[in-house]
Amino acid sequence: MAAKAISIEIGYSLTRVCEVDYKTKSHKIYKSFAIPTNEGMINDGVLTVSPAFVENLKNALSVNRMKAKQVVFTITSSRIASREVVIPFVKENRIVDVVNANAADYFPVDLSQYQLAYSILGTVGEKRGVQQYKLSVMALPSALLSGYYDLAKALKLEVAAIDYAGNSVFQVVKEACAEGTHLIVKIEERASLVMVVRNSVLAFTRNVSYGVEEALEAVMDTPAWGEVSSVEEAIHILQRNACIAKESPESDAGMSSLAKSAKEMAMDEIRAALMPLAGGIARVIDYYTSRNGNIPIDRIMITGLGADFKGMDELLSGEMNMPVTVLQEAAGWNLIRDFKKECFGEYLACVGAAAAPLGFKKETDKKGKDRAKGSIKSVNGTFLAYSLLVIGLTAGIGLAAFSILRYMGAQRINMELKAQAGGMEDIIPIYNEYVAVKAEYTRADAMYEATENRNEGLYEFLEELEEKLPSSCNVVSLTSDAYEVSINMTVDTKEDAAAAVEQLRTFHSLIPQMVTVFSLREEEDQETGVSTVNFTVTAAYRPVGDEPEETE
């Protein structure tokens with residue numbers, strides 16, 4: 001009988017819970033439910049356990065008769081860093097050693113504060129002798145795990161694994177994306193995850209800092225659908241009513257002009273609240289196609305909480321000029337049967353987390369398992385010690401005799417080498433010349449290093465700028481000399497500006513405390529009425545060779 005596990009995804013508004021088979025080839029979902037998440041309990045993946053939430057979750061688990069003792073969490077956070085790397089084609093049980101050995105090259109941070117995990121994306125090269133593994137390596141702050149372990153302890157459950165939401169969704173869709181290039185968008189309250197799956201391989205992932213939270217607030221602020229007092233009610237309204245797409249003339253028949261006007265205005269507000277989300281997804285698609293112009297996207301599918309809103313696919317399809325469909329079924333999963341007639345998009349990461357989780361674990365948890373293994377091995381330790389003593393005494397006598405013979409042989413070789421050394425005195429002038437040339441080279445190399453400056457690495461700096469800046473940032477101008485760089489940017493909000501500055505302070509080539517902001521001002525386009533924030537950042541370069549010991 002397959003082992004069951006309770007899989008949990010904690011969102012800003014709702015916490016989704018499923019009871020599923022853990023790490024099995026045939027996937028089955030037994031039960032599922034959702035409860036409200038207490039306000040302020042989750043922030044960019046960091047969980048602060050609330051006693052009221054724990055009590056509410058305990059009651060819900062009891063009512064739904066979920067009795068599994070293991071729990072799997074799936075989390076989304078911009079603090080999780082990922083890199084695609086290529087390593088030698090070693091045995092699979094040795095991959096973790098290779099990753100740990102090269103981790104400092106992948107992530108220039110204090111790795112003692114992070115937990116690493118990897119997934120195999122595929123292989124590079126066709127010939128067996130030159131094949132290499134292509135991996136997606138992720139680094140998660142150890143402090144981020146504490147809240148989930150505290151919650152598991154409060155629920156009296158054992159943490160089986162902690163997974164990244166991107167990997168959870170990938171485990172569900174990978175078989176359905178066996179051929180071609182597919183773009184999957186997981187839409188949640190405050191953020192969305194965009195990933196490209198090509199021939200069952202996760203080829204690309206990006207976070208978009210927009211979700212459906214503003215649309216939910218628009219529903220709660222309007223009386224067009226009656227009094228809406230909770231987020232759950234707003235979600236149900238968006239799932240069951242055409243609040244996003246424009247209604248057909250037949251659906252408007254019999255509606256008074258006043259009611260029709262109020263409803264249309266409310267729908268306009270909801271569509272306007274979703275425009276930043278559509279624009280963020282479109283920018284990620286443009287970025288992907290600019291890097292992979294020869295590999296077009298075959299189809300776009302949406303899932304997550306927002307995918308179940310009626311008309312969301314039509315809205316995104318119109319904004320991106322591409323067909324957009326809602327993920328309804330996945331090969332190897334009976335989602336419609338297991339969830340019956342419920343909307344299951346918001347549970348997709350939750351059910352996928354138990355299939356093949358990355359397995360982030362607290363360091364203390366890992367050490368505890370190592371100690372458990374050690375205690376099992378020590379059961380027969382006394383008997384083994386006496387056996388080794390007898391073997392050691394026997395071997396010692398043999399080694400002593402062998403050592404005497406080796407000493408005599410070494411003495412003979414030493415005498416022969418001394419005789420050879422006497423006939424090689426002509427080499428001494430050549431060696432002295434080598435030492436002089438090496439010293440001259442060292443001086444020349446030191447003179448070259450003294451002329452190095454940061455402008456020589458400007459191309460790498462621009463690549464890091466493109467990789468780390470939020471997608472909403474638009475660089476207007478950039479000037480650089482040997483000592484500092486000045487960048488003028490425009491963003492949508494002041495929060496985006498703060499996020500951009502924080503990212504700049506993580507650059508290994510810049511001094512964090514010397515990253516300063518000047519002339520921050522809000523501008524409004526007279527024609528469109530869209531407001532943007534323009535600001536200038538000045539940052540001082542680190543001296544060449546002075547790399548940071550720790551980057552937060």
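Reader: Where does Asp 44 lie?
Author: Asp 44 lies in the loop between strand 4 (42-43) and strand 5 (46-47). Strands here are DSSP runs of E with at least two residues, helices are runs of H or I with at least four, and both are numbered from the N terminus. Keep in mind that this is a predicted model, where local features need pLDDT of at least 70, side-chain atom pairs count only at pLDDT 80 or more, and totals for chains, interfaces and linings use all residues. Residues are numbered from 1 along each chain as its sequence is written, and side-chain values use heavy atoms, with hydrogens and water left out.

Reader: What's the phi of Asp 44?
Author: Positive, about 50°, although Asp 44 is not a glycine. In general, most residues other than glycine have a negative phi.

Reader: And how exposed is Asp 44?
Author: Asp 44 is partly exposed, with a relative accessible area of 23%. Buried means under 20% relative accessible area, exposed means over 50%, and partly exposed is in between (1.4 Å probe, protein chains only).

Reader: Which loop holds Lys 23, and what is its phi?
Author: Lys 23 sits in the loop between strand 2 (14-21) and strand 3 (29-36). Lys 23 is not a glycine either, yet its phi is positive at about 55°. Lys 23 is exposed, at 53% relative accessible area.

Reader: Switching to helices: at what angle do helix 6 and helix 7 cross?
Author: Roughly 95°, and the axes of helix 6 (residues 213-221) and helix 7 (residues 231-240) come within 9 Å. The axes are lines fitted to C-alpha atoms, for helices over the stretch in contact, and angles run from 0 to 180 degrees between N-to-C directions. Helix 6 and helix 7 are therefore roughly perpendicular to each other, a label for angles of 65 to 115 degrees, with under 35 being roughly parallel, over 145 roughly antiparallel and the rest oblique.

Reader: Which residues meet there?
Author: From helix 6, Leu 216, Val 219 and Met 220 meet Val 231, Ala 234, Ile 235, Ile 237 and Leu 238 of helix 7. Contact means heavy atoms within 4.5 Å. By class, that makes eight nonpolar, no polar and no charged residues.

Reader: What about the largest nonpolar core, which residues touch the most other members?
Author: Leu 57 and Leu 335, out of 70 residues in that core. A nonpolar core is a set of buried Ala, Val, Leu, Ile, Met, Phe, Trp, Tyr and Cys residues joined through side-chain atoms within 4.5 Å. Helix 4 (residues 142-155) gives the largest share, seven residues. Another core, of 44 residues, lies apart from it, and Leu 238 and Phe 309 are among its members.

Reader: Is Tyr 288 buried or exposed?
Author: Tyr 288 counts as buried, at 2% relative accessibility. Tyr 288 is found in helix 9 (residues 257-291). Beyond neighbours within four places in sequence, its contacts include Thr 181, Val 196 and Phe 204. Val 196 is 92 residues from Tyr 288 in sequence, while their C-alpha atoms are 8.9 Å apart.

Reader: How many residues of helix 5 are buried?
Author: Nine of the nine residues of helix 5 (residues 165-173), so helix 5 is largely enclosed by the rest of the structure. Among them are Asn 167, Phe 170 and Gln 171.

Reader: And how many helices and strands does the protein have?
Author: 17 helices and 19 strands. The protein has 552 residues, and 40% count as buried.

Conventions. Ala, Val, Leu, Ile, Met, Phe, Trp, Tyr, Cys and Pro count as nonpolar, Asp, Glu, Lys and Arg as charged, and the others, Gly among them, as polar.
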